[in-house]
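Q: Hi! Could you walk me through this one while I have it open?
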Amino acid sequence: MILSRSSVRWFSLTLALFGSGGWQLAIGAEPGDSDPADVVVSDSADFTLPDGDAATLLAFIEKLANPQQQFTSQEELQKYLEGVSTAIGDAAAKILAGEATDRQKIDAIEWKIESLRIRQQLGDDSSDRQTDEFLASLKFDGQPTIEEAIKKVRQSVEGERENRAAKHQQMELMTKLKQWSRLDDAQRAETTDWLINSVKSGTPTGAHVSMLMMFVDRLSDSPDSAMAKKALGELLPVFSQSDNPGVQQRLPLLEGINRRLNLPGNKLELSGKFLDGSELDWDAYRGKVVLVDFWATWCGPCRAEVPNVLENYLKYHDKGFDVIGISLDDKRSDAEDYVKQTNIPWPSLYHEPADESGGWQNPMAVKYGITGIPTAILVDQEGNVVSMEARGPRLGEALEQLLGKPSGEETSAVEVSDQAERTAQSEAR
């Protein structure tokens with residue numbers, strides 16, 4: 001919701017924890033503020049509505065929203081929330097029925113909505129209907145400040161319901177993906193269409209973006225990758241037209257993933273600066289077979305793949321094979337030290353991170369929606385992508401198809417063995 005009160009955030013936290021099963025905590029304190037043993041524990045809460053003006057009633061609400069009571073069971077917390085939701089709702093109604101400033105009336109409206117939201121979280125099926133009835137009953141014609149606030153509350157209520165529905169759909173999709181291997185072709189196609197229609201039939205939300213990414217991640221490297229492309233291709237225009245902040249924030253990643261999924265058979269565009277500061281001349285690599293390897297020093301599988309890449313580099317480099325790494329390390333020094341220690345002969349692109357997102361904001365990682373590494377993309381002599389999974393034995397097989405068998409295999413084998421041993425020793429250090 002748009003509501004931004006600290007007490008409203010407290011309720012959101014409380015209700016999020018309500019289903020977790022852990023209840024040895026002090027309610028009413030921000031995480032880390034104090035030890036539960038330091039919090040005053042009251043025997044019971046007083047939900048009796050006080051006499052007084054709007055300020056008195058709002059102070060009563062604030063007190064209920066910040067209890068100094070330690071809850072040791074879900075049952076105890078539920079009982080408290082049931083009482084507090086009723087008391088806050090009654091206090092808000094009393095404020096709206098009496099004399100109050102515009103700000104106090106707006107506060108009362110927001111608190112009434114919050115009390116009904118708590119009821120919904122507690123399983124009251126009538127809470128949505130009660131919310132609609134309450135909003136419909138508000139009459140503040142000629143009071144623009146309050147009218148504008150009510151408009152924002154309505155929008156937040158609608159947005160919350162859309163998110164709630166999307167999260168239910170998200171859980172349903174998770175179930176379908178877990179069962180994917182047991183579904184036949186018709187059922188898989190039906191699930192793909194269900195996902196597309198679920199998003200198109202409502203207002204796109206951040207939860208819908210998560211659903212699509214979950215679906216694409218599961219299928220993009222499988223025999224059913226065409227279904228991932230179909231879902232992404234049909235839903236990307238829908239998300240592009242959304243003004244939902246949660247959608248807009250992740251739109252560049254979706255566009256990158258779509259670009260990556262459509263790389264096979266098409267040209268790869270690459271740019272950037274190497275670790276030494278020199279600029280990549282991508283055109284200079286035409287006529288060569290190039291492995292574009294997204295990696296990082298903190299990535300165990302990336303490091304484990306280095307000997308395999310090195311072996312193929314030494315076998316095929318003279319025949320026109322080259323490698324360009326793209327480091328997603330947070331610190332340039334980490335990548336530089338690793339390259340130096342392991343004697344990696346090929347260069348790596350690097351982009352200095354500007355914020356906490358770190359190496360993942362590398363322009364090439366964003367451009368191609370890289371969500372996991374290592375990602376090894378093999379490009380042929382014309383610059384077209386021929387493999388998105390050029391790792392392990394697949395790399396050598398692809399290189400043999402493109403460049404033939406390596407010349408001087410016996411000599412190369414000795415050289416490869418020596419270099420691999422040096423790399424392994426560097427890794428051990």
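Predicted model: local features only at pLDDT ≥ 70, side-chain atom pairs only at ≥ 80, totals over all residues.

Q: What about contacts between residues at least 6 apart in sequence, how many join residues at least 24 apart?
A: That share is 71%.

Q: Let's move to the sheet. What is the strand order?
A: The order is β5-β4-β3-β6-β7, in an open sheet of five strands with mixed pairing. β5 (348-349) and β7 (385-387) are at the edges with a single partner strand each, so one side of each has no neighbour in the sheet.

Q: Which strands pair in the parallel sense?
A: β3 (residues 289-295) and β4 run parallel and are joined by seven bridges; V289 has F321 in β4 as its bridge partner. β4 and β5 also run parallel, with two bridges between them, and there I326 is partnered with L349 in β5.

Q: And how do β6 and β7 pair?
A: Strand β6 (residues 375-379) pairs with β7 in the antiparallel sense, over two bridges. V379 is opposite V385 in β7.

Q: Back to β4. Is it buried or exposed?
A: Seven of the seven residues of β4 (residues 321-327) are buried, so the strand is largely enclosed by the rest of the structure. F321, V323, G325 and S327 point one way, while D322, I324 and I326 point the other way, and all are buried.

Q: New topic: backbone geometry. Which residue has a positive phi although it is not a glycine?
A: That's N343, with a phi of about 60 degrees. N343 lies in the loop between α12 (332-342) and β5.

Q: Is N343 buried or partly exposed?
A: N343 is partly exposed, and its relative accessible area is 40%.

Q: Last one: where is the cis peptide bond?
A: The bond from I373 to P374 is cis, with omega near 5 degrees. You'll find P374 in the loop between α13 (363-367) and β6.

How values were computed. Residues numbered from 1 in each chain as written. Heavy atoms only, no water. Pairing = 2+ DSSP bridges. Helix = DSSP H or I, 4+ residues; strand = E, 2+ residues; numbered from the N terminus. Contact = heavy atoms within 4.5 Å. Buried < 20%, exposed > 50% of the residue type's maximum accessible area, 1.4 Å probe, protein only.
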